[in-house]
Amino acid sequence: MAERAPSGEAERRKGKEPDDAKPEREAKAEKAEKPEKNGNGRSVPPPAASPPAPDSKTASKADSRADRPSGPNLQDPQKDPHPSIPPLPAAGPWRSYKEIVAQIATKIVEAQRPIRVLQAIRWDGSIEEEFRKSRFRELPKADADYYAKQELGFDPKEKAAEFEEIAREIDRELGESDAIGNILTSTAIEYRDVVRMLGSRGTPLFYGYSRKLYGSCKDKFPDGKTSLRDLGHLLYEILTNIDETLLGMKYERTIEAPDAAAELNQRFAAYFGDSAVRVEVDDTLLSDAAAGSDYVKVRSGAKFSTRDIDILEVYEGWVHVATSLNGQAQTVAKWLSKGPPRTTTVQEGLAALCEIFTFRTYPRRARRLNDRVLAVDKAEDGASFIDVFEWFRTEGYDEEECFHNTRRIFRGGVVEGGAPFTKDACYCKGIVLNYAFIRSAIQHNRVDLIPFLFVGKVAHEDVPVLARRVNDGVVKPPHYLPPMFRDLNGLAIWMAYSTFFTRLGGDAISDYYAKLFARAG
């Protein structure tokens, strides 16, 4: 039988105090009302009462509030910490394919900016003066020591290393199998070789790089049989025997350079519209005219015929300036605005071919381009500057033309022979290869590729790749196109008959008509 709890304990369980606890409680209250005094007789305030211990229900509520997320502490901001920020990813933000290509293309464009090939191998006026004083008997003083005094504007080793690093970056970012990446890699490596070529001015190594970059007269066409040299000799026989006096009117060069510039400015304003292509007179030019990214310069003191102006409109404007502007319009494929050597054959050949398609060229101009091929070939085979100069004289050029033509072949190379600058071999080669490209595109129902010859500075192998990347925005179609390339109907018929002509027995047909002409007396 359980013991009965004392009465006082039972009273406490019921919330009541026992009678014997009252006096003690009253005594404590009376003591609290009377303040204590310290040694000086001053009252001391009683100690603060301790808060009552919470019961189980109160404690559980407090615990539950502690588990909840607290709001901002407006009274004490230091007790309210800032949210944490995760570290940036080591690889940086996500980039699209087009971003990667555009960034690499920008690096190539910026890296090549100080490279000026023709400026780096230019001869000053004193060389021509000394050559004339020697009565054309002493070789020009343009050797390695001469070029060493001509600043490049960059360190060749550092610049070459820069392009090699860009090539490695392309491999890392795009991989070896990416078609656009292959174009970018070829471009970067070619600029590296251009730098090495310029670092070898005046030595045989210059020719080694020139031959690698621009080709040689010994190179074969795609048939694997016919060389550029063969073309040069064939055209030499044909063009040399043409009597220009029987071909039509004679064009006199009577137009001064400022008037020629004004006429070209008017024509380009109509062709390019808001692009503001300008034509300027320049007294530092060696040639009669030259084109830049958005300008054409004509040499001060030069005189022009109406036919010369017609040719400059097509050659410099419709092709060189137009492809530069089309390349500059690219937001991803930015490298198309600049022309490494791999694009020279297409560019120069396309410009010369447009002269033919518009019937603006003439035999003597065609001869000049072809004679440069033969001159490069002679220099490759060991002919010296004087040998080539004298050969031009035998072809009817005046002394000034002889010097300028020969200088084009030997600038940067070795004047003793065997190591020329081979760029001038690209012009006639480009005419043939561009013609073959256009004809093949029409023959194989790929006329859609032809306008992309003008999308920027391109090589033929680039064109199908670039055309495929229009839909995804990597490439923008060319805006500026010559009339015969905007409407390809005429060229389609031209090339259709051209295809048939090549299947005819060339010599047999020629002999047939030769007999007919002979019967006429």
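**Close-up views of a predicted model**

View 1. Glu128 lies in helix α6 (residues 125-133); helices are DSSP runs of H or I with at least four residues, numbered from the N terminus. This is a predicted model, in which local features need pLDDT of at least 70 and side-chain atom pairs count only at pLDDT 80 or more, while totals for chains, interfaces and linings use all residues. Residues are numbered from 1 along each chain as its sequence is written, and side-chain values use heavy atoms, with hydrogens and water left out. Glu128 counts as buried because its relative accessibility is 17% (buried means under 20% relative accessible area, with a 1.4 Å probe and protein chains only). Leaving aside residues up to four places away in sequence, Glu128 touches Phe403, His404 and Arg407 (contact means heavy atoms within 4.5 Å).

**View 2. The crossing of helices α16 and α17.** The axes of α16 (residues 385-394) and α17 (residues 399-410) come within 9 Å and cross at roughly 140 degrees; axes are lines fitted to C-alpha atoms over the stretch in contact, and angles run from 0 to 180 degrees between N-to-C directions. Helix α16 is therefore oblique to α17 (angles under 35 degrees count as roughly parallel, over 145 as roughly antiparallel, 65 to 115 as roughly perpendicular and the rest as oblique). The crossing of α16 and α17 is right-handed, a term used if the near helix is turned clockwise from the far one by less than a right angle, with anticlockwise giving left-handed. From α16, Phe385, Val388, Phe389, Phe392 and Arg393 meet Glu399, Cys402, Phe403, Asn405, Thr406, Arg407 and Phe410 of α17. By class, this contact of α16 with α17 has 7 nonpolar, 2 polar and 3 charged residues (Ala, Val, Leu, Ile, Met, Phe, Trp, Tyr, Cys and Pro count as nonpolar, Asp, Glu, Lys and Arg as charged, and the others, Gly among them, as polar).

**View 3. The packing of helices α9 and α10.** Helix α9 (residues 179-198) packs against helix α10 (residues 204-214) at an angle of about 155 degrees, the axes being 9 Å apart. The two helices, α9 and α10, are therefore roughly antiparallel to each other. In α9, Glu190, Arg192, Asp193, Val194, Arg196 and Met197 make the contact with Phe206, Tyr209, Ser210, Lys212, Leu213 and Tyr214 of α10. The residues of this contact of α9 with α10 comprise 6 nonpolar, 1 polar and 5 charged.

**View 4. Leu198 and its contacts.** Leu198 touches Ile115, Val117, Ala120, Ile121, Leu152 and Phe154, when residues up to four places away in sequence are not counted.

Methods: Buried < 20%, exposed > 50% of the residue type's maximum accessible area, 1.4 Å probe, protein only.
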